[in-house]
Amino acid sequence: MTYSRRAADVIVADSFEGLGHRHKRALLRAVDCDDAEHIKYEQFLIKSLGDGVYNKVKRALFDGAYREKVLLGLEKSGISCVVLGDGGYPPLLAEIPAPPLVLYCRGNISLLSGDCFTVVGSRRTPAATAAACKRIAGELTEHFTVVSGVADGADTAAVRGALPSGKVICVLPGGHQSVASSANAALIKSVEEGGLVISESPPQRAVLRYMYVARNRILAGLSKGTLVVSAGSRSGALITAGYAADYGREVFAFPHSLGVSSGEGCNQLIKNGASLCRNVLDILSEFGLEYRVKRVALTPAEEKVLAYLRANGGAHIQAVASAVGIKVYEAVTVLSSLEIKGLAVRSGGNSYSAV
Amino acid sequence: MPLPRDPRGTANTGDKMLAKVTSFALLGIDGVPVEVEADINRGMTNFDIVGLPDAAVKESKERVRSAVRNSRFHFPVNHVTVNLAPADIKKEGSQFDLPIAVAVMMAGGELAAARTQGVVLLGELALDGSLRPVSGVLPSLISAMKRGYTKFVVPLGNANEAAYIEGAEVYALKDLSQTAAFLTGCEGFVPVAHKSFASALQSASYATDLSLVKGQTVAKRAVEIAVAGGHNLLLSGPPGSGKTMIARCIPTIMPDLTFEEALEVTQIHSVAGDLGDEGIVSLRPFRTPHHTATTASLCGGGNTRIRPGEISKAHKGVLFLDELPEYSRATLESLRQPLEDKVITVTRAGGAVTFPADFMLCASMNPCPCGNYGSAYKECTCTPAQIRRYRARISGPLLDRIDIQVEVDGVRYEELASTESGESSAVVKKRVERARAIQRERFGRPSTNANMGERDIKKYCSLSPECESILRGAFERLSLSARARSRTIKVARTIADLALSAEIRPEHILEATSYRNFDIKEP
């Protein structure tokens, strides 16, 4: 991939470790002689970094060999860069304070210019909620590209739900190479092939704790809205929701029953004014979009069982059997069938919930 | 009973002879005939045993000498040599005490009139001359019968064990004097009365019953299917949910042991030396090795005398591994080959021994480290990564051999307190036997669905297009792993057999897919 002179400057400036976001932006303006204020930025950098460091950085920025090495390294690892200020940069993300200078991308970059919607949640997401998350993510792809992280639980459920349509963006907390050995490496690989994986860090950068929070601002910033499917009272998903609210985007949350610790954060969000989301229609209607509900053919027994599950929110198989008046092993059959049709999910033990 | 004493034996006249009696040594669960020869030569008073005796056999010198003297016989004062032939097999155990004593007494002239031709002698001697029971009598008897021996002398304590062999003339004797009297032809000895296996079967009963398990209808159904098709079973559930209780009920719904099976099982337990008073194992064994068990204790081992391990003791019964992830990886992996071959070959420096090991594996585990994952009443505090690590302790190849995985629910108080009882084991057993009969007919031999290979699956488990599409849908929707496919089909075959259905129908496939919670990759 070839970059314009300015884009290459930004990419090379971004490769300096130890320079903060503010310094990098200042550096780019300081070396730009067309910029009327470049002297001011130069002075700022000399003051905060010191003369020696500034000159070293400046030299490296224009060192042909170094530039070549950086750009070639990116090309070799199959990463293409989208630079702030370029045409391909997602416009919504450019609006936030401190937008990433460079998005390091693997996969289908054209997804960045479409409408995005973020689905996030806790690692400890109950099976039924994860199934609902997977389903809603799949349904959202009809109008949006689904954005999420790559953590266990809700994030991966959302990614899996959206992956078949190819409209999915995963935002990594660290560089691309930092996830090579993670448990979800296989999933990330398939997103690279079918969707898009992005990061604001150069590929080699390892993950540090603060980078998760920084990543969450990208999750919120990319999208028109954010859905939190599950969150404990101190979950990282709440930070994402907080950013989304700060940026003036829509925030949605699944309601949870009382006393479920993985749902306390969601209920808190709803109390604070987030929109309550029961299904995909709740989200789409907010944006004036429509969704055609697909009907699945059901047998009479399946109708009955599903109605019972819907009425009770979830039930043990024995309760289902006695309520519908069938043997337990017949109920197993019906519930398995509903599970395969994607209308019920095993919520642990031998209990099932409607999705 | 008067003891006939040979006049030549009363004095140390030097009129000695070579004596020979027959006994049996054990190699695994096979008996090997051992000729015990005794000879008396001039020279210093000495007592030698040659022919690869182990420590217990060497020590028998002291027991034999005292037992002979204390039974008021004369022990030769010359150079006594005892040879155990064939000389190249290691002789182990204390069952040679009696044959050695008899051979020495014969050689010394004390029992010159004894007729030992065709008699097999087994028994350990106490210092006072009485006979103590030994392990391995039944396998020795069975091997001896195969070789044409029909007359046996065993300790009184082994009488029950010997009573079940048809056609064997077994004399269970109290002590050395009685043996001497018997061998010299005294009248009045009656062989052990033959007992029928049916009566033993009738009198035996299990301590548990399926009707005592409250609730747990899903798990009970899974157990029924597992037993009907000979499938291995994994129960997962929170602590205290009754996994062990359910597992203990498995033998109660298995078909009764046949006599041949019972003999095989008894042989193993006899060699291991843990045969009870009944003399025959008439109930299906239920073995529960602790999770600290070593590979040798599970598979069998031992330095000189190779003994059967827990998996052989569970032959024709159930091997229950409680808290499966707590077992060491190496121990679990060692189960893979016997699960496939139904036998275990233990190889040691002393030789290789093959023990039967045709058992049903039933394992239990918690669903996650804290035990509450999926519980309706308690919240799980584990992260997905922790759960993944916990489950990864059980290797894929081992899970491959466990066809049915089912969750056992935490039990609520109302269920425990309810007086309504479910089906009894006897009722379930009837259905299991019916399904087993169908399988016997299908395979033309007593095999089960679980043993089907890929070719058998093709032959006996043809799926209608509808079933095929359900199976495909299930695999896509539930992200089942590919290796779960043939397992699901095998289980569906068993469910169809239980329902007396010739072909596998959609509902059978659907039910089978629900016994696979471990194969689901991710939500």
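Two strands pair if DSSP finds at least two bridges between them. Strands here are DSSP E runs of at least two residues, helices are H or I runs of at least four, and both are numbered from the N terminus. With that in hand, take β2(A) and strand β6 (residues 196–199) of chain A: they pair in the antiparallel sense over four bridges. A:R106 stands opposite A:V197 in β6(A).

Some housekeeping. This is a predicted model: local features need pLDDT of at least 70, side-chain atom pairs count only at pLDDT 80 or more, and totals for chains, interfaces and linings use all residues. Residues are numbered from 1 along each chain as its sequence is written, while chains are lettered from A and ligands numbered from 1 in the order in which they are written.

Confidence next. The predictor gives the complex an ipTM of 0.73 and a pTM of 0.82. pLDDT is the predictor's confidence in each residue, from 0 to 100. Chain B has a mean pLDDT of 87, with 93% of its residues at 70 or more. Within chain B, the lowest confidence is in helix α1 (residues 7–10), at a mean of 42. The highest is in strand β14 (residues 318–321) of chain B, at 96. Over residues 6–14 of chain B the pLDDT is below 50. Beyond near neighbours in sequence, that stretch has 15 contacts in the model; a contact means C-beta atoms, placed from the backbone, within 7 Å. Where pLDDT is low, the predicted coordinates should not be read in detail.

Now chain A as a whole. Its secondary structure comes to 16 helices and 12 strands. The C-alpha trace spans about 80 × 40 × 35 Å along its principal axes. Chain A is divided into domain 1 (1–76), domain 2 (109–287) and domain 3 (300–354), with bounds from an automatic or database domain assignment. The C-alpha centres of domain 1 and domain 2 of chain A lie 33 Å apart. Of the contacts in chain A with a separation of 6 or more, 66% join residues 24 or more positions apart.

How much of chain A is buried? Buried residues make up 48% of its 355 residues. The cut-off: a residue is buried if 20 or more other C-beta atoms lie within 10 Å of its own, exposed if 12 or fewer, and partly exposed in between, with C-beta atoms placed from the backbone.

Back to β2 (residues 102–107) of chain A. Six of its six residues are buried, so β2(A) is largely enclosed by the rest of the structure. Strand β1 (residues 80–83) of chain A also joins β2(A), antiparallel, through four bridges. There, A:S80 has A:C105 as its bridge partner.

In α8 (residues 154–162) of chain A, nine of the nine residues are buried, so α8(A) is largely enclosed by the rest of the structure. Among them are A:D155 and A:R160. What do the buried residues of α8(A) pack against? They pack against β3 (116–120), α7 (127–140), β4 (145–148), β5 (168–171) and α9 (185–194) of chain A.

One more sheet in chain A. It is open, has three strands in the order β10-β12-β11, and pairs antiparallel. β10 (315–316) and β11 (344–346) of chain A stand at the edges with a single partner strand each, so one side of each is left without a neighbour in the sheet. β11(A) and β12 (residues 351–354) of chain A pair over three bridges. A:V345 stands opposite A:S353 in β12(A).

Over to chain B. An open sheet of five strands has the order β11-β14-β17-β10-β18, with parallel pairing. Its edges are β11 (286–287) and β18 (404–407) of chain B, each with a single partner strand, so one side of each lacks a neighbour in the sheet. β11(B) and β14(B) pair over two bridges, and B:R287 stands opposite B:L319.

Chain B also has a hairpin, formed by β15(B) and β16(B) with two residues between them. β15 (residues 343–348) and β16 (residues 351–356) of chain B pair antiparallel over six bridges. B:T345 stands opposite B:T354.

Last, the interface. The contact takes 26 residues from chain B and 29 residues from chain A. On chain B, α8 (217–229), α16 (384–391), α21 (465–477) and α23 (506–513) each supply at least two residues of the side that touches chain A.

Definitions and conventions. Contact = placed C-beta atoms within 7 Å.
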